[in-house]
Amino acid sequence: MTVSEDVTAHSTSSHWGTYEVLVRGGTVVGARPDPADPAPSPLYANAPAAQHHATRIARPAVRRRWLDNGPGPDDRRGHPDDEYVEVDWATALDLLAGELERVRREHGNAAIYGGSYGWASAGRFHHSQSQLHRFLNTIGGYTRTANTYSHAAVEVLFPHIVGLPGAYDLLYRPPTWEAIAGHTDLLVTFGGLRVSNTWIASGGRAAHTAEPDMRKAAGRGTRFVSFSPLRDDTLDELDAEWLAAAPGTDTAILLALIHVLFDEGLADESFLDRYTVGADVLRDYVTGASDGVAKTPEWAAGISGVDAATLRDLARRMASGRTLVNVGWSVQRARYGEQPLWAGLALAACLGQIGLPGGGFASGYGSMGNYGGGATPHGLPKLPQGSNPVDSVVPVARVSDTLLRPGEPFDFNGRRLTYPDIRLVYWSGGNPFHHHQDLRRLSRAFGRPETVVVHETHWTSTARHADIVLPSTTTLERDDIAASRGDLRLRVMRRVVPAHGEARDEYAIFTDLARRLGVEKAFTEGRSTAEWLEHIYEEWRAGLAEPVAPFARFWEQGGIDMPARHEATALFGAFRADPRGNPLHTPSGRIELFSETIAGFGYADCPGHPVWLDPWEGADRDPARKWPLVLVANQPKGRLHSQQDMGAHSRSEKIAGRAPLRVHPQDAAARGLSAGDVVRVFNDRGSCLAGVVIEPGIRRGVVQLSTGAWFDPSAPWAASCVHGNPNVLTDDVGTSALSHGCTGQLSRVEVGRFEGELPPVRVFDPPRLVAGEAPDAS
Ligand SMILES: Nc1nc2c(c(=O)[nH]1)N[C@H]1C(S)=C(S)[C@@H](COP(=O)(O)OP(=O)(O)OC[C@H]3O[C@@H](n4cnc5c(=O)[nH]c(N)nc54)[C@H](O)[C@@H]3O)O[C@H]1N2
Ligand SMILES: Nc1nc2c(c(=O)[nH]1)N[C@H]1C(S)=C(S)[C@@H](COP(=O)(O)OP(=O)(O)OC[C@H]3O[C@@H](n4cnc5c(=O)[nH]c(N)nc54)[C@H](O)[C@@H]3O)O[C@H]1N2
Ligand SMILES: [Mo]
């Protein structure tokens, strides 16, 4: 569409939704929301600066030290002054193919760490991880990773206690917002309903519907209670009751609510008898019969800071109408993160409304844009990844342990596994130097392998830890198909600008590598990109019950509306209607409030029923140095994770170029801090700089620094990260031996004004690049 004489507008798609980019002469000069989106996310405004930024990778590059010394451990990986030699594609791919060949021959395919966790970009075909996994499977497999950073505890715990597919239904087919508006009297959420998080859905959503849906539910009379350290975790218009509990104490609150239900005869005993096992164990625990500690509201008040009368009253209100309990993903992204999930399900079971429309338990409202947006009975077009012949797996958030502890055994979900001996790390479409905990430890871990390979669009901190860096195109530079799970529309994403520098599509890169390794045909199946797009679409279309347009028409039209959507059935409705005929796939066929399986694992950090475990005990409660503030490292509202951090919208939130740190006025006053000050946030693990924002709507004693500022270790005398990445402060420990989920949400810190000369942020400058000659073959 022509906007002015020389500017055209093009629709594109991203994890933060569809939007339009404005292009002049092959350059993105602007962006604007999709006019059809009822509540567009402001993140589109990051695209223009990011697309042509100085940190775009223009040519393949090889770390000087790796070129000179050959493969091997190197503690200098990630050093801000390291030099990269730019080489041509043939040279880079020859080097990489030779190295993959060597590692496979000398150490076997399990020595390749190929999990490559990360969000990459929207697009069903050029999806980085699918491309990488398909390629690695074609050459004999790799060490993969299990589960996600988002909600590993949900993924591992729920199959035990509600079975499969119940656990998937809980994640992907919860009550719709429409069902909530129609049936739910009270939605009690732990971890808020953060609107900025609903801007995101993996693969992008055709329209942002969560915020208008929340408003609609409020308008139809649904009341909201939000347990959260941040007031703005719920939209003002919801008029939610904000209960600013101490972070990490949700389980104590949930147990106290259960205590009231048992104590006052409000628990639905017939539901517990008919649909659950272990209610007696749970009762003995909350009343204190089994451990001498009654989990009363007074007990929980002492732990959480929410007063007992409020909790008692809330339990009664929950029992008096249709109630939905939501435990947001953030709450499980902390030590013992399985417990609030299990306790939340147990509370919903005691209320007896699981399986009723708009009632029961959920985990994900306010965490992702498509949660509650309805489900579709069919999947999405996708690139087949083949199968991995190597049986080597590690929990995704144990990446540093994997690299630092080869050969060491560890427990994981009832299995005893051993960390593989990784020689080559291959990452494409993720930024572990944004996403993982204790980044200084991760940096040491990345010093261990012999070779690190990264495909990236930009010189992220992860790319700067790599020996071989290959430039990938962005979504604006290639044709693709976009949609997220449960989406309303499958969209065409057309290429709108030429590739930056010599950047290439992942598919082209892997095709050339596969050719060098003698497996081109197996990788490509003889198809070009255009043929693959048509193929995956037609494969998908063939599986649909209703007819949709053939590929040519889909492409021509720019998209199709998604066929048949599921009837809004209640989650676990069939089980409720006939528990014998439709048992859950758990050992008992019921909801397990006590799990013999989990108890049998013998994990002190995740016993056989929900329990209160203090997340700080033995962790950050160093008696000698009590860190007084709890740091909440939640999702950034200015961008998706670390993506497009140099974009206009993301930068507009920074203070003196640093990530914003929100501080309660009294905590600020106690430290002599004012708005706009640059501070050092620190603990035993590291420190980062940040800019102060005074925020009355935060629980006292809590500070908030969202994730995703690009990790900048260029001035270690000032701070481990001068830009404000909270993962220099977080503890690299899993939720428990059950799921080993990410615990990055919470840590303990102190904050003080930064004194001295403020070091510049250097991470938005490219690294030292020199033009290379092809290395000699010797
Ligand atoms: N402290 C703390 N840490 C956390 C969390 C937390 O709550 N607290 N949350 C965690 C969660 S839930 C998640 S999901 C993770 C997210 O962590 P990541 O998913 O790793 O973060 P992203 O910044 O999205 O990284 C994606 C990378 O892919 C690159 N990319 C984009 N398109 C392409 C492409 O086409 N090809 C290639 N090769 N690369 C591309 C981008 O430039 C970017 O660097 O962070 C986790 N980390
Ligand atoms: N804009 C934007 N949206 C995103 C993302 C992004 O990077 N940017 N990332 C996406 C991804 S990959 C994921 S997995 C989801 C994650 O979705 P969530 O995990 O739900 O999101 P968070 O923002 O990490 O946390 C939500 C809120 O939980 C509260 N909270 C933290 N700790 C506690 C606690 O102990 N108890 C209680 N009751 N509340 C607590 C915090 O105040 C925080 O704002 O977000 C998605 N949405
Ligand atoms: Mo996530």
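Predicted model: local features only at pLDDT ≥ 70, side-chain atom pairs only at ≥ 80, totals over all residues.

Residues are numbered from 1 along each chain as its sequence is written, chains are lettered from A and ligands numbered from 1 in the order in which they are written, and side-chain values use heavy atoms, with hydrogens and water left out.

Okay, R768. With a relative accessible area of 46%, R768 is partly exposed. Its side chain meets that of E83 in a salt bridge, 3.1 Å from N to O; by salt bridge I mean a side-chain nitrogen of Lys or Arg within 4 Å of a carboxyl oxygen of Asp or Glu. R768 is in strand 31 (residues 768-771) and E83 in strand 6, so this pair links distant parts of the chain, 685 residues apart. Helices (H or I, at least four residues) and strands (E, at least two) are DSSP runs, by the way, numbered from the N terminus.

What else does E83 form a salt bridge with? That would be R64, with the closest N and O atoms 3.0 Å apart. Here E83 lies in strand 6 (residues 83-86) and R64 in helix 2 (residues 64-69), so the pair ties together parts that are 19 residues apart in sequence. E83 counts as buried because its relative accessibility is 17%, whereas R64, at 32%, counts as partly exposed.

Now over to E450 and R423, which form another salt bridge, the closest N and O atoms being 2.8 Å apart. Those two sit in loops, E450 between helix 18 (439-446) and strand 19 (451-456), R423 between strand 17 (415-418) and strand 18, and they are 27 residues apart. Both E450 and R423 are buried. There's also a network of salt bridges linking R63, R65, D74, R76, R77, D82 and D467. In total, the structure holds 57 salt bridges.

On to helix 4. Is it buried or exposed? Well, 10 of the 11 residues of helix 4 (residues 128-138) are buried, so it is largely enclosed by the rest of the structure. Those buried residues pack against helix 3 (89-107), strand 7 (112-113), strand 18 (424-428), helix 19 (506-516), helix 20 (520-524) and helix 21 (529-542). After helix 4 comes G140, with a positive phi near 110°.

Next, the nonpolar cores, meaning sets of buried Ala, Val, Leu, Ile, Met, Phe, Trp, Tyr and Cys residues joined through side-chain atoms within 4.5 Å. The largest has 156 residues, and F158, W177, F190, F227 and L661 touch the most other members. Apart from it lies another core of 51 residues, including L100 and Y507.

Last stop, helix 6 (residues 166-172), which contains Y172. Y172 counts as partly exposed because its relative accessibility is 32%. That's me done, so let's talk.

Note on methods
Buried < 20%, exposed > 50% of the residue type's maximum accessible area, 1.4 Å probe, protein only. Contact = heavy atoms within 4.5 Å.
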